[in-house]
Amino acid sequence: MKIGALAQQFDVTVDTIRFYEKQGLLATAPRSGAGYRQYGTGDVQRLSFILRAKAIGFSLQQIRELLAIEDNKSAWVCADVKDKVALKIQEIEQQRAELQRLQQALQQLHNACCGGTVSANACSILAALAQAEPV
């Protein structure tokens, strides 16, 4: 399968596939006599793995670690994989807490603003953002 067909199958760009190759997540595909990259079933399965892992929030480094386990399953135990998922859950919980903090700060700014036709010279949101102290 050529790179364009692989990209189309997964609804990604050709550049995305090249990027994953450069990052070492996908092996560099062998070339046909005409110079086209040729991808096999293993490449299709690997790209599917990468995209599913990415879709649920794993970073490239985390995907790289999961692929290392996938490539050598007999050297690992399920607890190793579960630990990686637990760390990702913890990371997401931290991000959610930060997003909630940001939402509260924005809500305070929003609530403090009159939202009227008064000149922006008197805008409480702009005044709060101009302060040296965090919102």
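Helix 3 (residues 41–55) and helix 4 (residues 60–71) have axes that come within 10 Å and cross at roughly 140 degrees. Axes here are lines fitted to C-alpha atoms, for helices over the stretch in contact, and angles run from 0 to 180 degrees between N-to-C directions. Helices are DSSP runs (H or I, at least four residues), numbered from the N terminus. This is a predicted model, in which local features need pLDDT of at least 70 and side-chain atom pairs count only at pLDDT 80 or more, while totals for chains, interfaces and linings use all residues. Residues are numbered from 1 along each chain as its sequence is written, and side-chain values use heavy atoms, with hydrogens and water left out.

Helix 3 and helix 4 are oblique to each other; angles under 35 degrees count as roughly parallel, over 145 as roughly antiparallel, 65 to 115 as roughly perpendicular and the rest as oblique. Their crossing is right-handed. By definition, a crossing is right-handed if the near helix is turned clockwise from the far one by less than a right angle, and left-handed if anticlockwise.

If you want to find this contact on screen, look for Arg46, Phe49, Ile50, Ala53 and Lys54 in helix 3, which meet Ile63, Leu66, Leu67, Glu70 and Asp71 in helix 4. Contact means heavy atoms within 4.5 Å. The contact of helix 3 with helix 4 has 6 nonpolar, no polar and 4 charged residues. In this scheme Ala, Val, Leu, Ile, Met, Phe, Trp, Tyr, Cys and Pro count as nonpolar, Asp, Glu, Lys and Arg as charged, and the others, Gly among them, as polar.

Helix 4 also packs with helix 5 (residues 78–112), at an angle of about 165 degrees and with the axes 11 Å apart. That angle makes helix 4 roughly antiparallel to helix 5. Here the crossing is left-handed. Gln62, Glu65, Leu66 and Ile69 of helix 4 meet Val81, Lys84, Lys88 and Glu91 of helix 5, and these residues divide into 3 nonpolar, 1 polar and 4 charged.

Setting aside neighbours within four places in sequence, Ile69 is in contact with Trp76, Val81 and Lys84. From Ile69 to Gln94 the C-alpha distance is 26 Å, across 25 residues of sequence.

Ser74 sits in the loop between helix 4 and helix 5 and counts as exposed, at 73% relative accessibility. The C-alpha atoms of Ser74 and Gln94 are separated by 32 Å, with the two residues 20 apart along the chain.

Now to the start of the chain. The axes of helix 1 (3–10) and helix 2 (14–22) come within 8 Å and cross at roughly 105 degrees. That makes helix 1 roughly perpendicular to helix 2. Ile3, Gly4, Leu6 and Ala7 of helix 1 make the contact with Val14, Ile17 and Arg18 of helix 2. By class, the residues of this contact divide into 5 nonpolar, 1 polar and 1 charged.

In the loop between helix 1 and helix 2 lies Asp11. Asp11 has a positive phi of about 55 degrees although it is not a glycine, and Asp11 counts as exposed. Thr16 is found in helix 2, and its C-alpha atom is separated by 43 Å from that of Cys113, 97 residues apart along the chain.

The structure holds 1 aromatic pair. Phe19 and Tyr20 form this tilted pair, with 5.9 Å from centre to centre and 55 degrees between the planes. Rings of Phe, Tyr and Trp (its six-membered ring) pair if their centres lie within 6.5 Å; planes under 30 degrees apart count as stacked, over 60 as edge-to-face and the rest as tilted.

Here are some accessibility values for this end of the chain.

| Residue | Relative accessibility | Class |
|---|---|---|
| Asp11 | 73% | exposed |
| Thr16 | 23% | partly exposed |
| Phe19 | 36% | partly exposed |
| Tyr20 | 3% | buried |

Technical notes
Helix = DSSP H or I, 4+ residues; strand = E, 2+ residues; numbered from the N terminus. Buried < 20%, exposed > 50% of the residue type's maximum accessible area, 1.4 Å probe, protein only.
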